[in-house]
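Please open the model in a viewer and keep the sequence panel at hand. The stops below are arranged as a sequence of selections, each followed by what is found there.

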Amino acid sequence: MRKILTVLSAFVVISCSSGNGASTTKLNYLEVDNFFSSKTDIDGKGSQYSLLLKKEVPFTSEEILRTEKHYKAIKRAMAEVNPATAGYYEQITDREQLESKKIFSGKRFTVNYIKIVEKGEYPTVLLNERVEIVKSDGGVLYPKYPKTFYTVKFDCGNPHNDSIKNMYAKSIIPEKGNAEVIFELLNPIRVTGGEKIKLRYYFSNNTVTDEEMYYSRETAESSMYIFDKAKQVACAG
């Protein structure tokens, strides 16, 4: 099984296709999930993270349409399974649909946070990224995923020596019924890309898959604004 990583507007989506070169083992997913949660606790006491960037990512018409089809399908299925209780479940679905409308008529952001752990000419920073949704009624949501955690080392005197030491991200796999997955970067890479990377995927069914893939300069460019801002803050400190 080959995993293809696509990063679009900082949203991580993992899709599956046929292929070779991956090895699969077993692991306790709960342990990995607990570790990931501890690294992405932005709001916890003593986290010492500060806001780095906040960028709006508007909802797409495709997302809105897909959600509308989802609720219509639920109502249709409930009516077919048991017409006598269809009205009850339709009321529940209507409330959920109203909540989704508040979300889609609000705003969505990717928010990046920074914590400097080593200062000097070669500072090291921790970066966290999560999604924030401000609903039309003013309520704020922080979805469970996607979330990303990085450790980055900068060279304040040389833009070509900046590197990502590790990275963890949590997302879902649409092709597997939105199954949850955490992936880990196993080898340090340049923030500018243009090299092979090794990824480890931790699946919620306790399987683990390792694979190599190419991290292109074009893909890296989509996230460079985050690293450029983080370097500016770290080197000024």
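Select the hairpin of β9 and β10, which has 5 residues between its strands; within the hairpin, G177 takes a positive phi near 65 degrees. Helices (H or I, at least four residues) and strands (E, at least two) are DSSP runs, numbered from the N terminus. This is a predicted model: local features need pLDDT of at least 70 and side-chain atom pairs count only at pLDDT 80 or more, whereas totals for chains, interfaces and linings use all residues. Residues are numbered from 1 along each chain as its sequence is written, and side-chain values use heavy atoms, with hydrogens and water left out.

Keep β9 and β10 selected: they pair in the antiparallel sense over 7 bridges, where pairing requires that DSSP find at least two bridges between two strands. Along this pairing, S171 stands opposite V181 in β10. Strand β10 (residues 179-185) has 6 of its 7 residues buried, so it is largely enclosed by the rest of the structure. Buried means under 20% relative accessible area, exposed over 50%, and partly exposed in between (1.4 Å probe, protein chains only).

Follow the chain to the loop between β12 (195-203) and β13 (207-215), where N206 is found. Phi of N206 is near 75 degrees, a positive value in a residue other than glycine. With 31% relative accessibility, N206 counts as partly exposed.

Next, select the loop between β7 (140-141) and β8, which contains P146. The peptide bond joining Y145 and P146 is cis, with omega about 5 degrees.

Move to helix α5 (residues 224-236), whose 13 residues reach 18 Å from first C-alpha to last, close to the 18 Å expected at 1.5 Å a residue. The expected span is 1.5 Å times one less than the number of residues. Which residues of α5 are buried? They are M224, I226, F227, A230, K231 and A234. These residues cover an arc of only 150 degrees around the axis, which puts them on the same side of α5; the arc is that of the directions from the helix axis to the C-beta atoms. On the face turned away from this buried side, α5 carries the exposed residues Q232 and A236. Display the neighbours of the buried residues: they pack against β4 (50-56), β5 (107-118), β6 (124-134), β8 (147-153), β9 (163-173) and α4 (217-221), contact meaning heavy atoms within 4.5 Å.

Turn now to the aromatic rings. Rings of Phe, Tyr and Trp (its six-membered ring) pair if their centres lie within 6.5 Å; planes under 30 degrees apart count as stacked, over 60 as edge-to-face and the rest as tilted. By this rule the count comes to 7 aromatic pairs. Among them, F59 and F104 are edge-to-face, at 5.0 Å centre to centre and 85 degrees between the planes. This pair links distant parts of the chain, 45 residues apart: F59 lies in the loop between β4 and α2 (61-81), and F104 in helix α3 (residues 86-104). F59 is buried at 16% relative accessibility, while F104 is partly exposed at 22%.

Finally, select F35, F149 and Y168, which form one aromatic cluster.
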